[in-house]
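Work through the exercises below with the sequence and the model at hand. Try each task before reading its solution.

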Amino acid sequence: MMDEKVSEELIEAGRGYERLFVPALFEAWTKHLVAGAGIQEGSRVLDIACGTGVLARSALAVAGPTGRIVGADPASGMLAAAKELEPRIDWVLCSAESLNVPDNEFDCVISQFGMMFFQDQQKSADEMLRVLTPGGSLAIAVWSSVEHNPAYGDIIMVLEEQVGMAAADALRLPYSLGDAGKVTAVLESSGFTDITVEAKTETARFPSSRQMVEAELRGWLPLFDIFLSENEIQGVLIESDKTLRKYAGPSGEAAFPTSAHVFTARKG
């Protein structure tokens, strides 16, 4: 379980992620994973790459007090922020490739937009299978290709023009598993059965397109050691305002479709 002391800076980064991205982008997707995994009252559920816990909290709302929810993530600041929001969930500091939980422990394993970042996707899928009970269910969400997420394609174009290829590639990474066949092959190699995949669309809603882009510049690019000066940030924002104005409504809110594949499977 999580017991190490975490710096306030890391915790604040987790709080910022929760504040900026979760209600705008991620919260709408949780219902697909909860339903896909068949979570019900009393279920024992593991959320892998849980971040600040939006999916784990949705699972808890269904599993209730007789269930058990565990959230696993390698980022201590994310888990510290998650624990602030929901102390009833067990938060475990570990990677998807080396889950710090016993074999055959969970009825359901879920993961929302994490697989693209796993260092070893096959080993992570093997671990998902290991921790499930026989007959247990898996549900994961993976972003479709950037061509099916055009707002982020527009941001990538601005970054490539204004900052460079490294910054653009950093934002391309979340959309790098858009080929559903690749994910299916990984799950099959691990031994999962009854694999299904369904394309889903949800609407992202940010207070403004500028806030959406600024969150990427200040919160995402530094994870790849890309640090922009204030002048560079302002230059990108000016250009992105022009490019992304088509997504703005009368109130200034930025709303646009997002696309992902939802996979479900079982442990035989």
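**Exercise 1.** Find the bridge partner of V70 in β3, and state the sense in which β2 and β3 pair.

Solution. Step one: in β3, V70 is bridged to D90. Step two: β2 (residues 68-73) and β3 (residues 90-93) are parallel, with four bridges. Strands count as paired if DSSP finds at least two bridges between them; strands are DSSP runs of E with at least two residues, helices runs of H or I with at least four, numbered from the N terminus. Step three: between β2 and β3 the chain passes through helix α5 (residues 76-85), and this β-α-β crossover is right-handed. Right-handed means that, with the strands pointing away from the viewer, the path from the first strand over the helix to the second runs clockwise.

The model is predicted: local features need pLDDT of at least 70, side-chain atom pairs count only at pLDDT 80 or more, and totals for chains, interfaces and linings use all residues. Residues are numbered from 1 along each chain as its sequence is written, and side-chain values use heavy atoms, without hydrogens and water.

**Exercise 2.** Give the strand order of the open sheet and name its edge strands.

Solution. The order of the seven strands is β3-β2-β1-β4-β5-β7-β6, with mixed pairing. β6 pairs with β7 (residues 254-267) in the antiparallel sense over 13 bridges; F192 has K267 as its bridge partner in β7.

**Exercise 3.** Is D225 buried or exposed?

Solution. D225 lies in the loop between α10 (209-220) and α11 (230-244). Its relative accessible area is 63%, so D225 is exposed (buried is under 20%, exposed over 50%, partly exposed in between; 1.4 Å probe, protein chains only). Its phi is positive, about 60°, although D225 is not a glycine.
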